[in-house]
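Thanks for coming. I have one structure today and a few places in it to go through.

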Amino acid sequence: MITFVLSLLALVLGYFLYGRFVEKVFGPDDRPTPAVAKADGVDYIVLPSWKIFMIQFLNIAGTGPIFGAIMGAKFGPSAYLWIVFGCIFAGAVHDYLSGMLSIRHGGAGLPELIGHYLGQSTKKVMLVFSVFLLMMVGAVFVYSPALILGKLCSEGLTWVYIWCGIIFVYYIIATMLPIDKIIGKIYPLFAISMLFMAVALMAVLFIKWPSLPELYDGIHGEGFTAPIFPALFITIACGAISGFHATQTPLMARCVNHEKLGRPMFYGAMITEGIVALIWATISMYFFYGGAAESLGKPLTLQAPEVVTAVSEGWLGTFGGLLAMLGVVAAPITSGDTALRSARLIIAEFLHLEQRTIMKRIMICIPLFGATFLLLFYNIENPDGFNVIWSYFGWANQTLAVFTLWAITVYLVRAKKPFWVTLLPSLFMTVVCSSFLMISPNAFGFDMNVGYAVGAGAFIFAVVWFFLWYRKNSKSF
């Protein structure tokens with residue numbers, strides 16, 4: 001618990017100290033924001049700051065900081081290090097600067113930002129890459145809650161299919177309607193419930209004060225056969241850094257009425273997500289290593305959603321069970337609908353289709369939801385479909401973060417600002433993603449030595465490329 005307490009303090013201090021520094025690096029000012037300058041009553045709407053924070057938190061979180069932290073806790077205390085340092089120096093910086101760049105570029109989506117700073121060819125690749133990633137999110141976040149709700153109704157797949165249909169219809173409605181009609185009304189409530197559950201469970205941790213693995217005992221855990229590097233940095237994504245977040249920040253960048261709200265909205269929401277991940281990582285270490293599984297009468301082989309339910313019901317009673325159900329059902333649904341909303345806006349931006357008119361929204365939504373339905377069908381019909389899609393999502397998610405960080409680095413160089421704040425995490429995540437691609441059984445499946453060699457090569461290439469580009473263009477900046 002000592003490591004947990006120190007990590008918690010580090011995240012809070014990170015917001016007030018490093019967050020303020022990064023804010024100073026960017027330099028928010030009083031220029032009109034897109035929510036004011038481009039108000040359309042659909043996607044560009046000024047919302048209250050507390051609503052923006054709650055929506056942003058739920059958009060980027062979903063079940064990511066819960067499930068990822070539970071799986072990552074099997075790596076041992078190294079999970080604490082990644083959540084703390086990854087969140088403060090990579091994830092929150094990534095979210096804040098991508099959100100602020102979106103504001104400065106009129107609420108632009110991620111492919112537009114990447115195209116502006118990394119070139120039009122990269123923009124086209126990232127357009128396809130990000131839209132496919134968002135459709136994968138929509139597909140897996142239909143099936144997982146539908147499976148849980150279906151089993152509550154009866155055995156068999158009939159009710160699973162019915163719930164898939166109900167959730168899919170909700171996705172269509174939420175994606176089409178103005179952002180303040182559904183998302184602006186129900187998201188804050190779901191976010192509050194998720195935060196309440198995390199705080200309540202943290203209080204139980206402090207009351208129980210269990211004996212847990214500490215950093216001074218070593219960073220390794222006993223539950224994962226995969227190597228800490230790079231597997232840990234893919235497993236825990238949403239609690240540390242996630243490229244998916246950069247597809248979500250433009251949604252709220254279109255609703256902020258002042259640039260100086262950016263630090264609490266973007267950097268602060270990511271730090272909050274890191275705290276939630278930290279709590280669940282600690283709960284999971286207690287579950288796997290501290291005897292909580294035995295005291296709850298549960299096997300150590302439980303999957304992440306089952307751990308959430310077992311701990312919440314065991315520690316918080318019936319109310320905790322309801323909160324757990326809300327977390328594993330409502331949270332993925334709310335991530336799925338905003339993912340598809342982001343995909344609609346990214347496609348509209350690329351095709352230069354205004355979205356004030358409902359028919360223009362329908363023109364994009366029909367093929368978008370058709371493709372997502374095909375992914376959902378594959379997810380249901382293939383026994384291993386969920387795992388296959390999710391494994392590709394994990395790598396694609398972090399790869400998207402790499403491109404976002406490099407685009408922000410180029411912006412900082414051009415603006416003559418301290419570019420090292422994103423250069424260092426850019427290089428680190430480049431090595432992580434290239435190494436993981438080599439060793440993942442769903443990709444090349446090579447030996448770890450090959451993965452490390454490719455990672456080292458990617459690092460050298462990225463460093464040489466950056467400094468050659470910097471030297472060539474420095475006089476024009």
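Predicted model: local features only at pLDDT ≥ 70, side-chain atom pairs only at ≥ 80, totals over all residues.

Residues are numbered from 1 along each chain as its sequence is written, and side-chain values use heavy atoms, with hydrogens and water left out.

Start with helix 6, residues 78-104. Helices here are DSSP runs of H or I with at least four residues, strands are runs of E with at least two, and both are numbered from the N terminus. Helix 6 has 27 residues and reaches 37 Å from its first C-alpha to its last, close to the 39 Å expected at 1.5 Å a residue; the expected span is 1.5 Å times one less than the number of residues. Where does helix 6 bend? The bend is at Cys87, by about 60°, taken as the angle between axes fitted to the seven residues ending there and the seven starting there. Buried means under 20% relative accessible area, exposed over 50%, and partly exposed in between, with a 1.4 Å probe and protein chains only. After helix 6 comes Gly106, with a positive phi near 70°.

Next, the surface. Ile2, Leu6, Leu9, Phe206, Trp209 and Tyr216 make a nonpolar patch of about 670 Å². Patch residues have over 30% relative accessible area and no salt bridge; like charges are joined within 9 Å, and nonpolar side chains (Val, Leu, Ile, Met, Phe, Trp, Tyr) within 5 Å. A salt bridge is a side-chain nitrogen of Lys or Arg within 4 Å of a carboxyl oxygen of Asp or Glu. Areas come from the Shrake-Rupley method with a 1.4 Å probe, and for residues only the protein chains shown count as cover. Helix 1, residues 2-16, gives the largest share of the patch, three residues. Ile2 lies in helix 1 and is partly exposed because its relative accessibility is 44%.

Most residues other than glycine have a negative phi, and most peptide bonds are trans. Trp209 has a positive phi, near 45°. Trp209 sits in the loop between helix 10 (183-208) and helix 11, and at 46% relative accessible area it is partly exposed.

Lys416 also has a positive phi, about 55°. Its place is the loop between helix 17 (385-414) and helix 18 (420-439), and at 63% Lys416 counts as exposed.

Last, which two residues does a cis peptide bond join? They are Phe229 and Pro230, with omega about 10°. Pro230 is in helix 11, residues 228-235.
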